Amino acid sequence: MPTIALMTVGCKVNQYETEVLTELFRKEGYEIVPADAPADVYLLNSCTVTATGDQKTRQLLRRMKRINPSAVAVLTGCYPQAFPEAAAEIPEADVVTGELARGKIPELVKRALRTGERIVEIPEHVRGEAFEPMEVSALGSRTRAYVKIEDGCERYCAYCIIPKARGPIRSKPMADITRELTGLAAAGYKEVVLVGINLSSYGKEWGGRLIDAVDLACGIPGIKRVRLGSLEPELLSDGDIARMAAHPNFCPQFHLSLQSGCDRTLRSMNRHYDTAEYARIVRVIRQNFENPAITTDIMVGFPGETEEDFAASVAFAREIAFAKVHVFPYSPRPGTPAANRPDQVPEPVKARRAKEMRDATKETRAAFLDRMVGRVEKVLVETTRLPLGYEGCTANYTPVAVDCGPEFCGRIVPVKITGRAGERCIGQMLGPEEV
């Protein structure tokens, strides 16, 4: 039986797509082995949001070839789609393909194994292309399933290469979502996370909206929790928020992409909102949900960002009081407008600002976790054993170390939050009955 190791760099959408590829290769008779094990085939599903992602991709490909120099190494995902010439020149990659036609990858691998030829096939995105049919029946975790329902982005932020990598907006048909979620519920998954490249634009092609998919998912028997991936804030209407709040199994965690808390920088980035609108949306969420978590991404060191702009961004992050923030320095992507600007921020300045923003948002994170202490929450217990108990998550995605036995893994149980330990809370299970 041939063996294959699959690795993922990047977002939850990439992780979902790797699971799709895992099932495809399993059906072809491959044994799935760990990433660090000798294998006949290595497959890397890449990310290209930052230059760091590109560097990691190249490093992983070199590592694969060191483990087994005779293996066929496959490079797929966003990096080759966005930068096909650069990807084609990576000597360690024996098969290079992009974001389209994943169903053909097993056949390309079979051809490379049979002939020994190097294969580079990267179809281009075209306007009007359909959502690529894909679904999973099982994932590595038996508690939470990520389900991709949207692909593509047409926002064209000044710093972002993703519209080139992912192409136009296209959405998974509602009937396909129903079938996939019904299967996952039957397989024992309690929580589903709907994800996409620009999730907020779900259904745009036919006049649908993301809330339609939320309503559908929340109505699938057996699905106890429905969560959303990253959202563009201004595409979330007051009415949509109210409809989400009407579902008792909708999780009150909103990852609203901010990027900067400075209006001048937001305009320069070609973002489609300002801080006043962002703050208003957060207020509406907090009015509709009891104890929601607002999380985000913040970029520092965008070209032209002054010290005053950066200070405004830090102040806004403190004002919103985010539950968690992913902070990252701006990374020039060739082919984007921002990469050609002459007013690039020096790397040492970006590093300093990243540290200052992380320090500030660590404080808001700690304050959020401290406010959880004393509450009774429904916690989905997972399979990772921590020093203080089994890992679990509340509906608002607060991580909790639950003092319980392994028999409760995969159950949603009532937990009293008794304290905080670093980046997570500590909890005592109140009863054995699932809620």
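Reader: What is the strand order in the open sheet of three strands, and what kind of pairing does it have?

Author: The order is β11-β12-β13, and the pairing is parallel. A word on the source: this is a predicted model, where local features need pLDDT of at least 70, side-chain atom pairs count only at pLDDT 80 or more, and totals for chains, interfaces and linings use all residues. Residues are numbered from 1 along each chain as its sequence is written, and side-chain values use heavy atoms, with hydrogens and water left out. As for the labels, strands (E, at least two residues) and helices (H or I, at least four) are DSSP runs, numbered from the N terminus.

Reader: What makes β11 and β12 a pair?

Author: Two strands pair if DSSP finds at least two bridges between them. Three bridges join β11 to β12, so the pair passes that test. Gln253 stands opposite Ala293 in β12, and His255 has Thr295 as its bridge partner there.

Reader: Why are β11 and β13 called edge strands?

Author: Each of them, β11 and β13 (324–329), pairs on one side only. Neighbouring strands of this sheet are turned by 15 degrees against each other on average, direction ignored; the axes behind such angles are lines fitted to C-alpha atoms, for helices over the stretch in contact, and angles otherwise run from 0 to 180 degrees between N-to-C directions.

Reader: What makes β12 largely enclosed?

Author: Eight of the eight residues of β12 are buried, so the rest of the structure largely encloses it. Buried means under 20% relative accessible area, exposed over 50%, and partly exposed in between (1.4 Å probe, protein chains only). In a regular strand the side chains alternate between the two faces of the sheet. Here both faces are covered: Ala293, Thr295, Asp297 and Met299 are buried on one side, and Ile294, Thr296, Ile298 and Val300 on the other.

Reader: Why is the pair of Phe250 and Phe289 called tilted?

Author: Rings of Phe, Tyr and Trp (its six-membered ring) pair if their centres lie within 6.5 Å; planes under 30 degrees apart count as stacked, over 60 as edge-to-face and the rest as tilted. By this rule the count comes to 11 aromatic pairs. Phe250 and Phe289 have 5.9 Å centre to centre and 40 degrees between the planes, so they form a tilted pair. Phe250 is in the loop between α9 (238–245) and β11 (253–255) and Phe289 in the loop between α11 (275–288) and β12 (293–300), so the pair ties together parts that are 39 residues apart in sequence. Phe250 is buried because its relative accessibility is 4%, and Phe289 is buried because its value is 9%.

Reader: How do you know that α11 has close to its expected span?

Author: The expected span of a helix is 1.5 Å times one less than its number of residues. With 14 residues, α11 reaches 20 Å from its first C-alpha to its last, close to the 20 Å expected. Its buried residues include Tyr278, Ile281, Val282 and Ile285. Among the elements covering the buried residues are α9, β11 and β12.

Note on methods:
Contact = heavy atoms within 4.5 Å.
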